[in-house]
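Colleague: I have a model open here and would like to learn how to read its features. Could you take me through them?

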Amino acid sequence: MIDTPVFLLGIIAVLIALLTAAAIALIAKRRNSGQDELFARTVVQLEATQRELGGRIAQLTEDSRASQTALAKTLDERLDKVSKRVGDSLELTAEKTAKTMTDLQTRLAVIDEAQKNITKLSTEVVGLQDILSNKQARGSFGEIQLNDLVQNALPPSAYQFQATLSNTRRVDCLIRLPNPPGPIAIDAKFPLESYRLLRNAKDEAERIHAGRAFSADILKHVKAIAEKYIIPGETAESALMFLPSEAVYAELHANFAEVVDKSFRERVWIVSPTTLMATLNTVRAVLKDAQMREQAHVIQREMMALIQDVARLDGRVLSLRRHFDQANEDIRQITVSTGKITTRAERIEEVQLGEDGEETALIPEAKRQIPAE
């Protein structure tokens, strides 16, 4: 690195030296003209100026070296600080990067676990679709859901699963209600194929065809329930058709009102899990009311027995009162007797003996009559 002031001073010194040489040469030429004294003074002045300029150049050189040293030290200190800051920043960045990578790995692990759960759920959904595609398996699925709803809403004595009726038909669930209305049958089988065709219809023609098939399947099932599970004198005048799918129930009531009306005329009520739960709550209230009516005669009998017990208690209290009255009379008579005894004792105390040894008494007391007992 070249110091600019020193470089400039060197150039100036060279120029002065050149000028000095030129001046000396000029003076030498003039010397021949007899100007020796002037030449000597000029040479002395030039030499003094050159020495002064050399000293200044040396001082400037020293100052420049000191400035360079201080500048180098300052640069080193600043470079050290910058290096430290850069190092600290890099270390902090490395720590943050490491933490970020750790968090990222944790989140990736969570995402991986969620992906596994999604894959498992997808497999289970496919399995559920396989179950619902089979009529027998779909019926079992509906029966299990029906069993859970009934068991959660009613006491065990109020229902029976897979009950056999007098016509040898076996119903999925029989709710034992008192007459009227009587036991209510619930069937858990439902048509799903035509509903899928209806949902997957690509155009209006396919939708109309699938809708007709869906209506026919529902009405066919409704008629079968009415014929199998409504027995006069044995069951209630109506039965329930349980649809384990809220979507099928909503589609039926939204777009097939005529099917619902026909099911009403057949006295078969179509219910979903939600509406069945509401129905079972009503059934539970009816059962509770019936139990209260059954226990009413027991309550009446107990009340009659309680009245008889109260009557007997009243007779015994009257008898006890008579005993107390007799005891009071006896106490009164005892008081009279004790009074007479006290009077006789007082008379004996008033008796005085005379000097002749004969008994004498006060005249007023002798005349006193002793009352008869």
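Colleague: How many helices and strands does the protein chain have?

Modeller: Helices (H or I, at least four residues) and strands (E, at least two) are DSSP runs, numbered from the N terminus. Here the protein chain has ten helices and seven strands. Keep in mind that this is a predicted model, where local features need pLDDT of at least 70 and side-chain atom pairs count only at pLDDT 80 or more, while totals for chains, interfaces and linings use all residues. Residues are numbered from 1 along each chain as its sequence is written, and side-chain values use heavy atoms, with hydrogens and water left out.

Colleague: What share of the 373 residues is buried?

Modeller: Buried means under 20% relative accessible area, exposed over 50%, and partly exposed in between (1.4 Å probe, protein chains only). By that rule, 22% of the 373 residues in the protein chain are buried. The chain exposes about 26900 Å², with carbon and sulfur atoms supplying 58% of it; the areas come from the Shrake-Rupley method with a 1.4 Å probe, and for residues only the protein chains shown count as cover.

Colleague: Now the sheet, please. In what order do the five strands lie?

Modeller: Two strands pair if DSSP finds at least two bridges between them. The five strands form an open sheet in the order β1-β2-β3-β4-β5, with mixed pairing. At the edges stand β1 (159-164) and β5 (268-271), each with a single partner strand, so one side of each has no neighbour in the sheet. On average, neighbouring strands of this sheet are turned by 30° against each other, direction ignored.

Colleague: Do β4 and β5 run parallel or antiparallel, and what about β1 and β2?

Modeller: Strand β4 (residues 239-242) and β5 run parallel, joined by four bridges, and Leu240 stands opposite Trp269 in β5. β1 and strand β2 (residues 170-175), by contrast, pair in the antiparallel sense over five bridges. There, Phe161 has Cys173 in β2 as its bridge partner.

Colleague: Which residues should I look at for phi?

Modeller: Most residues other than glycine have a negative phi, and most peptide bonds are trans. In the hairpin of β1 and β2, with five residues between the strands, Thr168 takes a positive phi near 70°. Gln162, not a glycine either, has a positive phi of about 50°; Gln162 lies in strand β1 and is partly exposed, at a relative accessible area of 32%. Arg267 is another non-glycine with a positive phi, about 65°. Arg267 sits in the loop between α7 and β5 and is partly exposed, with a relative accessible area of 43%.

Colleague: At what angle do helices α5 and α6 cross?

Modeller: Axes are lines fitted to C-alpha atoms, for helices over the stretch in contact, and angles run from 0 to 180 degrees between N-to-C directions. Helix α5 (residues 204-229) and helix α6 (residues 246-255) have axes that come within 12 Å and cross at roughly 105°. Angles under 35 degrees count as roughly parallel, over 145 as roughly antiparallel, 65 to 115 as roughly perpendicular and the rest as oblique, and α5 and α6 are therefore roughly perpendicular.

Colleague: Which residues of α5 and α6 meet?

Modeller: Contact means heavy atoms within 4.5 Å. Arg207, Phe214 and Ile218 in α5 meet Val248, Glu251, Leu252 and Asn255 in α6.

Colleague: And where does α7 come in?

Modeller: The axes of α6 and helix α7 (residues 257-265) come within 5 Å and cross at roughly 95°. Leu252, His253 and Asn255 of α6 make the contact with Ala257, Val259 and Val260 of α7.
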